[in-house]
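Dear colleague,

Please find below the structure that I am handing over to you.

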Amino acid sequence: MLKVILYINIFAALMSFHSCQKKVNVEIANVVKEWTNSEIKFDSGYVFTRLGKDSIYNSIPKSGYKILVYTDSIGCVGCNLRLPQWKEWMKQIDSISDNKVSFLFFVHPKDETDLLLLLQRQNFNVPVCIDKNNSLNKLNHFPANAMLHTFLLDEHNKVLAIGNPMHNPKIKELYMNIIFDKQKISEAEDKKQTKVMIDKWCIDLGAFDWKKQKSCEFILTNIGKELLVVDNVVTSCGCTTVEYSKVPVQPEKNLILKVNYMAERPEYFNKTITVYCNAEDSPFHLKISGNAK
């Protein structure tokens, strides 16, 4: 029965962030059904290092829960990994879980040097396995969809949930519910809704040196009668981070979202910041663009 409940809730959470197209729904449904309660296989001899220096451990930790994050060489590794968001969430979990959750980062990079520079630049001082031979994927044959390359595992390495919590707040909520033994996996209580006015929806950052961070601000004004509560802010790329106050916003007051963009290479970019809150028409999709030369 639990397996059925998990399957239904994983599928519902994934659907909350994906297209409603029938083909996509069928694909995700099949993947969820296939992977829920299946066992992730690990070989011996994996080497985990911090910032590419010194071996930390060579075996898979034994813990009550594991969150496995696999990233391959396709696309922007930094965008897929979203290291700043992971660091923040890992701190939160460690502070309340009594270290019963292990995080396993496996990266099969196209260019190891670029990966090491990314880890150092973002000071991701967390053990990472640089899987040069892509052995973990070859052993398990992960789904083609990169959004389905993150797994919540039990102590026996069986899949309890699938999906990337850094890209989908519903998946993050699902992981937290399972880890902290909530008996019911359900939607959060409905919050009283308010109304929000946004000063601008798109910001063009123009042309700038790609090696320098560029920042801008969006202003959200609470024009309703209830407190404005932001549940989550999700960016479409790990190169983009957002700073904002977590304190509920009183009516007629403002919330400032400070958006920071740090390019990994010279490129023209167009990124999305998605704001989940208790306002009508939420989530809001804000845009930044520019030319990092």
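In this message, helices and strands are runs assigned by DSSP, a helix (H or I) having at least four residues and a strand (E) at least two, and they are numbered from the N terminus. On that basis, P283 lies in the loop between β14 (267-277) and β15 (284-292). Please note that the model is predicted.

The protein as a whole

The protein has 293 residues, of which 49% count as buried. Its secondary structure comprises 7 helices and 15 strands. Among the contacts between residues at least 6 apart in sequence, 67% link residues at least 24 apart.

For context, most peptide bonds are trans, and most residues other than glycine have a negative phi. The bond between S282 and P283, however, is a cis peptide bond, with omega at about 10°. Phi of D281 is positive, near 70°, although D281 is not a glycine. With a relative accessibility of 69%, above the 50% cut-off, D281 counts as exposed.

C277 belongs to strand β14, and its relative accessibility of 8% makes it buried. Which residues does C277 touch, leaving aside those up to four places away in sequence? They are L228, V229, V230, D231, S282 and F284. C277 and V233 are 44 residues apart in sequence, and their C-alpha atoms are 8.7 Å apart in space.

Further positive phi values

E252 also has a positive phi, near 75°, without being a glycine. Its place is the loop between β12 (240-243) and β13 (254-261), and at 73% relative accessibility E252 counts as exposed. Another positive phi, near 55°, is found at D181, which follows α7.

How many of the 11 residues of α7 are buried? The number is 8, and the helix is accordingly described as mostly covered. The buried residues of α7 are P169, I171, L174, Y175, M176, N177, I178 and I179.

Two packed helices are described by the angle between their axes and the distance between the axes. For α4 (residues 83-97) and α7 (residues 169-179), the axes come within 12 Å and cross at roughly 20°. Angles under 35 degrees count as roughly parallel, and α4 and α7 are therefore roughly parallel to each other. The crossing of α4 past α7 is right-handed. On the α4 side, the contact is made by W89, Q92, I93 and I96, and on the α7 side by K172, Y175 and M176. By type, these residues comprise 5 nonpolar, 1 polar and 1 charged. Y175 and M176, both part of this contact, are also among the buried residues of α7.

Salt bridges

How many salt bridges does the structure hold? There are 3. In one of them, the side chains of K132 and E112 meet at 3.4 Å, N to O. K132 is in the loop between β5 (128-130) and α6 (135-140), while E112 is in helix α5 (residues 112-121), so this pair ties together parts that are 20 residues apart in sequence. K132 counts as exposed at 55% relative accessibility, whereas E112, at 30%, counts as partly exposed.

Another salt bridge joins D199 and K200, whose closest N and O atoms are 2.6 Å apart. D199 is partly exposed, with a relative accessible area of 39%, and K200 also counts as partly exposed, at 32%.

R265 and E264 form a salt bridge as well, the closest N and O atoms being 3.8 Å apart. E264, by contrast, is buried, since its relative accessible area of 16% falls under the 20% cut-off.

With kind regards

How values were computed. Residues are numbered from 1 along each chain as its sequence is written. This is a predicted model: local features need pLDDT of at least 70, side-chain atom pairs count only at pLDDT 80 or more; totals for chains, interfaces and linings use all residues. Side-chain values use heavy atoms; hydrogens and water are left out. Axes are lines fitted to C-alpha atoms, for helices over the stretch in contact, and angles run from 0 to 180 degrees between N-to-C directions. Angles under 35 degrees count as roughly parallel, over 145 as roughly antiparallel, 65 to 115 as roughly perpendicular and the rest as oblique. A crossing is left-handed if the near helix is turned anticlockwise from the far one by less than a right angle, and right-handed if clockwise. Contact means heavy atoms within 4.5 Å. Ala, Val, Leu, Ile, Met, Phe, Trp, Tyr, Cys and Pro count as nonpolar, Asp, Glu, Lys and Arg as charged, and the others, Gly among them, as polar. A salt bridge is a side-chain nitrogen of Lys or Arg within 4 Å of a carboxyl oxygen of Asp or Glu. Buried means under 20% relative accessible area, exposed over 50%, partly exposed in between (1.4 Å probe, protein chains only).
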